[in-house]
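Visitor: I'd like a close look at one part of this model, please. Take your time with it.

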Amino acid sequence: MSIRSLSPDGLVEAARSGNRRAIGRLLTLVERGGEAADEITDLTHPHTGGAHVVGITGAPGAGKSTLTGQLTKLLPTLGTRPAVLAVDPSSPLSGGAILGDRVRMDGVAGKDVFIRSVATRGHAGGLALSVPGSVRVFDAAGFDPVIIETVGVGQVEVDVVGAADTAVVVVNPGWGDAVQANKAGLLEVADVFVINKADRPGASDTRRDLELMLDLSHTTGQEDESGYRPPIVMATATDGSGVEEVWEAVEAHRRHLVSTGKLATRRTARLRYEIQNRVEQRIHAAAEEALDDVDLSDTRSPTELADEISDRLLG
Ligand SMILES: Nc1nc2c(ncn2[C@@H]2O[C@H](COP(=O)(O)OP(=O)(O)OP(=O)(O)O)[C@@H](O)[C@H]2O)c(=O)[nH]1
Ligand SMILES: [Mg+2]
């Protein structure tokens with residue numbers, strides 16, 4: 001039976017028993033958005049919660065994909081089955097069998113790894129809706145961890161990673177990189193810092209900058225009441241050094257979340273963010289529609305017209 005002829009119900013069942021083509025099809029449907037995506041969210045949601053969701057972000061070219069590629073080689077040796085969602089990749093993941101183009105990246109990295117690259121442009125629901133949907137597909141299919149790579153420019157991209165269970169922020173050696181990351185809002189969301197390209201000069205300066213910024217933001221929650229302070233790990237993703245330490249730091253953060261009860265708090269916040277996006281999207285669409293019905297040559301002021309439309313929408 002062809003995967004395409006399966007109902008969403010059948011697809012979810014097949015995905016849960018490990019059918020990779022079913023997983024790929026579900027991801028495609030989720031990425032497209034609309035009713036099918038919503039139905040898949042309903043069907044997968046009850047089977048989720050098992051996966052640790054790890055966000056990896058940082059400036060363009062920081063080495064996120066190279067690091068992620070190394071993690072997909074390391075993790076199966078530790079007995080886990082990772083899935084990767086690479087959002088809008090401008091360069092391919094490298095490492096092991098997963099070098100190559102988008103087609104080769106999609107789900108052919110070996111049976112214990114699933115890699116999906118997704119372009120955000122032109123997506124109906126937008127990144128904020130498709131990412132949680134895709135993470136659910138992976139989670140329901142038994143992948144753990146689920147790694148999301150996004151480039152750390154743009155609020156939505158940063159938010160998506162900030163909503164993960166563990167957010168990894170990748171910076172590079174060089175004067176000002178930590179400052180740039182701070183400006184992009186990345187320091188606030190970081191649970192683990194990676195100074196990648198530690199083979200280049202300046203890594204210890206960047207560490208010092210980061211430590212300083214963490215000291216300064218002490219009161220704003222970088223070191224919380226439980227004493228958690230984001231560790232800084234040095235890595236050279238191209239040769240794999242430091243990658244095990246990166247993963248150990250992620251695991252330590254996960255243990256911290258579990259032992260303090262913060263995992264549940266984070267997940268509630270993530271759900272809230274997703275629901276908020278869904279509601280906003282509906283209101284946005286309804287507003288567009290209502291605007292089409294309004295006579296804009298009307299002599300009333302924009303405020304009055306906005307009031308009229310809002311009253312109509314919100315009752
Ligand atoms: N010297 C050095 N180069 C690295 C290291 N890690 C990655 N690179 C190189 O940096 C370039 C960018 O690496 P990517 O992994 O594509 O970076 P990225 O952050 O995923 O980039 P975007 O997804 O385009 O934002 C590539 O040429 C890598 O080979 C490292 O540890 N040391
Ligand atoms: Mg990349």
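Visitor: Which residue takes a positive phi just after H13?

Guide: That's Gly315, with a phi of about 75 degrees. Quick ground rules: this is a predicted model, where local features need pLDDT of at least 70 and side-chain atom pairs count only at 80 or more, while totals for chains, interfaces and linings use all residues. Residues are numbered from 1 along each chain as its sequence is written, chains are lettered from A and ligands numbered from 1 in the order written, and side-chain values use heavy atoms, leaving out hydrogens and water.

Now, H13 itself covers residues 302-314.

Moving on to strand S5, residues 166-171: six of its six residues are buried (under 20% relative accessible area with a 1.4 Å probe, protein chains only; exposed is over 50%, partly exposed in between), so S5 is largely enclosed by the rest of the structure. Thr166, Val168 and Val170 sit on one side, with Ala167, Val169 and Val171 on the other. S5 has parallel partners too: five bridges join it to S1, and four join it to S6. (Strands pair if DSSP finds at least two bridges.) Thr166 partners Val54, while Val169 partners Phe193 in S6.

Notes:
Helix = DSSP H or I, 4+ residues; strand = E, 2+ residues; numbered from the N terminus. Expected span 1.5 Å × (residues − 1).
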